[in-house]
Amino acid sequence: MSEIKTVGILTSGGDAPGMNAAIRAVTRAAIYKQLTVKGIYRGYKGLLTGEIQEFKTNNVSNIIQHGGTILKTARCLEFREASGRQKAHETIQKEGIDALVVIGGDGSLTGARIFAQEYNFPIVGLPGTIDNDLFGTDTTIGYDTALNTIMEAVDKIRDTASSHERLFFIEVMGRNAGFLALNGAIASGAEAAIIPEIWQEVDQLEELIHHGFRKSKNSSIVLVAESDVTGGAMGMAERVKKDYPEYDVRVTILGHLQRGGSPTASDRILASRMGAAAIEALLDDQRNVMMGIQNNDIVYVPFSKAIKEEKPINRDLLNTLRTLSI
Ligand code: F6P
């Protein structure tokens, strides 16, 4: 028999569409198993300030369709210090919380891993990030919605790009990962994606220009992953203006609109499955694992792997993009 009676749940780091569906799933799966659920507000910060509320099933009614997170979120610097984590542990004891479900990205799961080790405390994670940059899972909660948002935005920009016969660099999020840029480019029929994963191998801008770019087209769209190494969309545009002044170049930075909006069916289903699996995992004495999805099956990925290992991009996708953008 598991000794877990009360589960705390929090969302941390950048919000992602589908986080609410995950909160709903964790809450309802826990209550279904006769556990008490406590919602912790503003990520780890809520463990320091004590902003915690018991959740019943109706606290999570009517939220599956909404973007953002009803629990709010934050990046909590204090939790990075041992003194902050001690304070968090005191709150956890005071509230009678026996285990945590943390929904967030890389930084949030890193915090979870440290805390779990320091206090021998049961934590499971859910990959909640639009970046899709966590190892051991084919996809993350929010990624599909963000991809769709990018696709819709690029479709609109293409109308004006082709009317004016321009070259557009469109910057998308992803922190240091190019998943949104690469798959966003394929989904929107863009001519190329410039991504940090291959920046050391090839000058992607030169490749774009010299592989017949604009040969048969009157406009071009290039998705650029935000990243210090690529210089982002502004950096690319500057280079083109300097070296190829014949092109009429424009830049669009999609920014935080990529993080909002109603989650797609895929994200809602993923979040629901992972949320329910997180409770099963805790009751099955799993600790320090992130819920992942591989070939449509839920898997447990140790935090150490999910965070530390680099998730590789699929090279076939790069080839597909190159092939289709002739
Ligand atoms: O990790 C999600 C993400 O949206 C990244 O793609 C982006 O680099 C970052 O968060 C932006 O963070 P903030 O909202 O703090 O500016």
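Of the 326 residues in the protein, 53% are buried, where buried means under 20% relative accessible area, exposed means over 50%, and partly exposed covers the range in between (1.4 Å probe, protein chains only). The model is a predicted one, in which local features need pLDDT of at least 70 and side-chain atom pairs count only at pLDDT 80 or more, while totals for chains, interfaces and linings use all residues. Residues are numbered from 1 along each chain as its sequence is written, and side-chain values use heavy atoms, with hydrogens and water left out.

The secondary structure comprises 11 helices and 11 strands; these are DSSP runs numbered from the N terminus, with helices (H or I) of at least four residues and strands (E) of at least two. The radius of gyration of the protein is 21 Å, which agrees with the value near 20 Å that a compact globule of 326 residues would have. This radius is taken over C-alpha atoms, and the globule rule is 2.2 Å times the number of residues to the power 0.38. Along the principal axes, the C-alpha atoms fill a box of roughly 70 × 35 × 35 Å. Among contacts (heavy atoms within 4.5 Å) with a separation of 6 or more, 75% join residues 24 or more positions apart.

The protein exposes about 14,500 Å², and 47% of this area is supplied by carbon and sulfur atoms. Accessible areas come from the Shrake-Rupley method with a 1.4 Å probe; for residues, only the protein chains shown count as cover. There are 35 positive and 40 negative side chains, and the centres of the two sets lie 4 Å apart. Lys and Arg count as positive and Asp and Glu as negative, without His and the chain ends; the place of a charge is NZ of Lys, CZ of Arg, CG of Asp or CD of Glu.

Helix α6 spans residues 179-188, and seven of its 10 residues are buried. The buried residues are Phe179, Leu180, Ala181, Leu182, Gly184, Ala185 and Ser188. Their cover includes the helices α5 (143-164) and α11 together with the strands β6 (167-172), β7 (192-194) and β8 (220-225). After α6 comes Gly189, with a positive phi near 65 degrees.

Most residues other than glycine have a negative phi. Arg42, however, has a phi near 65 degrees; Arg42 is placed in the loop between β2 (36-40) and α2 (45-49) and counts as partly exposed because its relative accessibility is 30%. Asn288 has a positive phi of about 55 degrees. The loop that holds Asn288 runs between α9 (265-283) and β10 (289-294), and Asn288 is partly exposed, with a relative accessible area of 24%.

Two further residues lie on either side of α11. Asn314 belongs to the loop between α10 (303-308) and α11 (315-324), and its relative accessibility of 38% makes it partly exposed. A polar atom of the Asn314 side chain lies 2.9 Å from the backbone nitrogen of Asp316. This is a polar contact, defined as a pair of N or O atoms within 3.5 Å; within protein, one must be able to donate a hydrogen and the other to accept it, and residues adjacent in sequence count only if both atoms are side-chain atoms. Between Asn314 and Asn296, 18 residues apart in sequence, the C-alpha to C-alpha distance is 17 Å. Ser325 lies in the segment after α11 and is buried, at a relative accessible area of 16%. The Ser325 side chain reaches the backbone oxygen of Glu191 at 3.0 Å.
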